[in-house]
Amino acid sequence: MQEKGTISIHTENIFPIIKKFLYSDHEIFLRELVSNAVDATQKIKRLASLGEYTGDLGETRVEVEVNKKKKTITIKDAGIGMTAEEIKKYINQIAFSGATEFVEKFKDAGDAKEIIGKFGLGFYSAFMVAGKVEIDSLSYQEGAEPAKWICDGSTEFEIKEGKRKTRGTTITLHVNEDSEEFLEESRIQGILDKYAKFLPIEVKFGEKEESVEDGEDKEGKKKWKTVKKDNIINNTAPIWTKSPSDLTDEDYLKFYKELYPFSEDPLFWIHLNVDYPFELTGILYFPKLKNDFEMQKNKIQLYSRQVFITDEVKDVVPEFLMLLHGIIDSPDIPLNVSRSYLQSDGNVKKINTYITKKVADKLGELFKKERESYEKKWDDIGLFVKYGMISEEKFYEKATDYALVKNTEGKCFTLKEYEAQIEANQTDKDGNKVWLYANNPAKQDAFISSAIDKGYDVLVFDSPIDSHFINHMESKLEKTQIKRVDSDNLNKLIDKDEKRELVLSDEQKESLKEVFSKSIGNENFKVEVEALSPSDAPVTITMSEFMRRMKEMQATGGGGFNMFGAMPDTYDVSVNGNHPLADKILKSEADDAKQGLAKQAVDLAMLSQGLLEGKALTDFIKRSTELLGK
Ligand SMILES: Nc1ncnc2c1ncn2[C@@H]1O[C@H](COP(=O)(O)OP(=O)(O)OP(=O)(O)O)[C@@H](O)[C@H]1O
């Protein structure tokens with residue numbers, strides 16, 4: 001038997017075209033060939049288990065070998081093998097039809113990348129790195145003859161009798177000059193580690209050295225020796241393929257370390273397992289979050305039947321869960337497709353919804369069953385939950401039951417609990433419930449203690465996502481306002497319509513306002529004289545909630561608020577007209593004395609807001625020291 005033929009491709013020389021455009025992804029040839037070998041091996045095992053193959057299965061490992069001298073890479077399996085007819089059918093027609101279609105489409109398309117993505121290249125990808133490819137195969141079928149196929153990357157192939165004596169297939173790649181990097185063992189090891197780490201059939205790549213115990217020396221100390229062992233790339237039964245009931249916490253933690261050797265233990269995990277309406281398994285871990293979110297992103301790995309595909313899981317995993325770690329394995333996610341296609345794919349949408357629901361349910365379960373430990377983890381979990389509530393309505397609905405807010409004493413409340421907690425004392429004259437919060441408790445201590453003195457509760461919202469979260473919650477919760485504790489006088493923050501008389505005449509009020517405006521000398525500070533309790537602070541400086549929030553949103557990427565960034569910070573200066581200091585200033589004769597008192601009071605207010613720095617701070621300290629000596 002010897003036959004020459006032409007692969008039925010209408011366009012000549014498609015190889016150079018495809019090679020050129022697939023440049024960055026050349027390494028996937030090994031993924032494709034090793035997965036074909038694994039598939040063929042699984043098939044023979046299945047046939048054997050069904051009793052349809054009664055021969056000896058023998059060693060079923062897939063072996064990858066590099067021969068630097070001959071410049072070849074071989075992928076050897078003991079799978080079902082192929083007869084000459086099958087090679088013609090599967091390789092010449094099927095494997096190459098994808099390529100033909102590719103070129104046809106490519107001819108009329110503008111964006112090559114869009115199209116390249118749509119074709120699984122399979123066996124054909126061998127030609128990305130090899131000038132010549134040989135197949136040596138012996139089918140498992142009784143009486144089958146070995147077959148050899150040779151193709152030099154043109155559309156011509158040759159098929160003849162082969163020499164292979166044992167069942168299975170060997171693919172030999174004659175690596176071309178500009179792909180010689182793939183003759184480096186470390187390169188191949190790297191590619192196998194990336195794509196084949198969890199394949200279900202053992203993949204062997206050469207040997208490795210290992211230290212093993214070798215008895216004891218004269219002093220009774222352990223001796224070690226180096227032995228050579230088969231270098232097996234993969235863990236063929238990763239835990240996501242097992243049933244959760246067969247696994248312990250240690251198994252999950254150990255697997256996490258296998259995936260991310262240098263990471264801290266995760267907080268908890270979710271084992272995914274569905275087979276209808278789509279097939280999906282996997283494990284998602286909630287990591288301990290570090291400040292550098294970007295570093296932690298893109299850690300979820302996407303597999304298809306244990307073959308690594310990508311760590312770009314956008315669209316498959318909802319955006320707010322991109323910080324999770326772990327593995328998703330689904331044969332139902334269309335691989336090698338462009339982004340826009342992925343977004344509109346029905347399965348991908350369903351998977352996305354499923355993952356959101358699973359995560360929401362898991363959090364709900366943790367909250368219900370282990371509230372104490374849930375609260376301890378809240379600082380890490382909170383970011384996911386808040387981000388999820390803002391970005392996914394479905395998640396919001398579930399998460400309102402277990403989203404927590406924390407007050408300055410470290411006590412946690414659900415949203416409902418908190419409402420009940422503050423309703424009696426923090427409802428204003430219009431029936432709005434007012435939540436007070438600090439974003440920097442150390443700096444806002446003066447404001448927090450006056451609020452607490454009044455019997456109010458103060459929450460802590462100090463993570464970067466909180467300004468967005470607060471806005472979202474205000475739009476969601478009925479008759480609820482959320483205000484930073486230092487954004488106005490307390491009795492204005494929660495206006496209960498408790499009118500207080502101002503002891504000053506209109507004339508005195510104006511005169512006091514003038515003294516303060518002059519002593520500050522900056523028109524971004526707006527002075528008002530107000531009727532507060534004599535025991536309240538003489539001067540309070542605040543930035544309005546609205547203005548500050550706009551600036552914060554802009555700083556954390558709220559979008560559309562650029563105009564506020566360019567504006568100067570403006571502050572409200574509230575002078576307490578009923579404080580004894582007002583009287584003292586008005587009664588002072590000399591202008592200097594008036595100014596001095598006002599200045600000191602303003603600086604004290606600035607100091608408690610953390611606004612006093614540089615020369616202003618030095619001047620204040622100097623002035624205060626002088627006052628002590630007087
Ligand atoms: N090592 C092998 N042993 C037996 N049959 C093989 C082997 N490699 C390839 N084949 C046959 O050749 C066919 C074509 O392979 P190819 O990799 O091009 O496509 P595929 O595996 O069907 O799809 P994919 O695009 O997902 O890789 C396979 O379906 C299989 O029947």
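Two strands are taken to pair if DSSP finds at least two bridges between them. Strands (E, at least two residues) and helices (H or I, at least four) are DSSP runs, numbered from the N terminus. The structure is a predicted model, in which local features need pLDDT of at least 70 and side-chain atom pairs count only at pLDDT 80 or more, whereas totals for chains, interfaces and linings use all residues. Residue numbers start from 1 along each chain as its sequence is written.

Five strands make up an open sheet of mixed pairing, in the order E10-E11-E14-E12-E13. Its edge strands, each pairing on one side only, are E10 (268–274) and E13 (307–310). From one strand to the next the twist averages 20°; axes are lines fitted to C-alpha atoms, for helices over the stretch in contact, and angles run from 0 to 180 degrees between N-to-C directions. Strand E12 (residues 299–304) runs antiparallel to E13 and is joined to E13 by three bridges. Ser304 has Val307 in E13 as its bridge partner.

A nonpolar core is a set of buried Ala, Val, Leu, Ile, Met, Phe, Trp, Tyr and Cys residues joined through C-beta atoms within 7 Å. A residue is buried if 20 or more other C-beta atoms lie within 10 Å of its own, exposed if 12 or fewer, and partly exposed in between, with C-beta atoms placed from the backbone. The largest such core has 115 residues, of which Val34, Ala126, Leu192, Val203, Ile283 and Ile328 touch the most other members. Helix H2 (residues 28–49) gives the most to this core, namely nine residues. Another core, of 20 residues, lies apart from it and includes Val529, Leu581, Ile585 and Ala601.

A further open sheet has three strands in the order E20-E22-E21, again with mixed pairing. Strands E20 (525–530) and E21 (539–542) are its edges, each pairing on one side only. Four bridges link E21 to strand E22 (residues 571–576) in the antiparallel sense, and Thr540 stands opposite Ser574 in E22. Helix H17 (residues 506–520) lies across E20 and E22, at about 155° to E20.

H17 also packs against helix H20 (residues 580–587), at an angle of about 85° and with the axes 10 Å apart. H17 is therefore roughly perpendicular to H20, a term for angles of 65 to 115 degrees. Gln508, Ser511, Leu512 and Val515 in H17 meet Ala582, Ile585 and Leu586 in H20, contact being defined as C-beta atoms, placed from the backbone, within 7 Å.

Key
Contact = placed C-beta atoms within 7 Å. Parallel < 35°, antiparallel > 145°, perpendicular 65-115°, else oblique.
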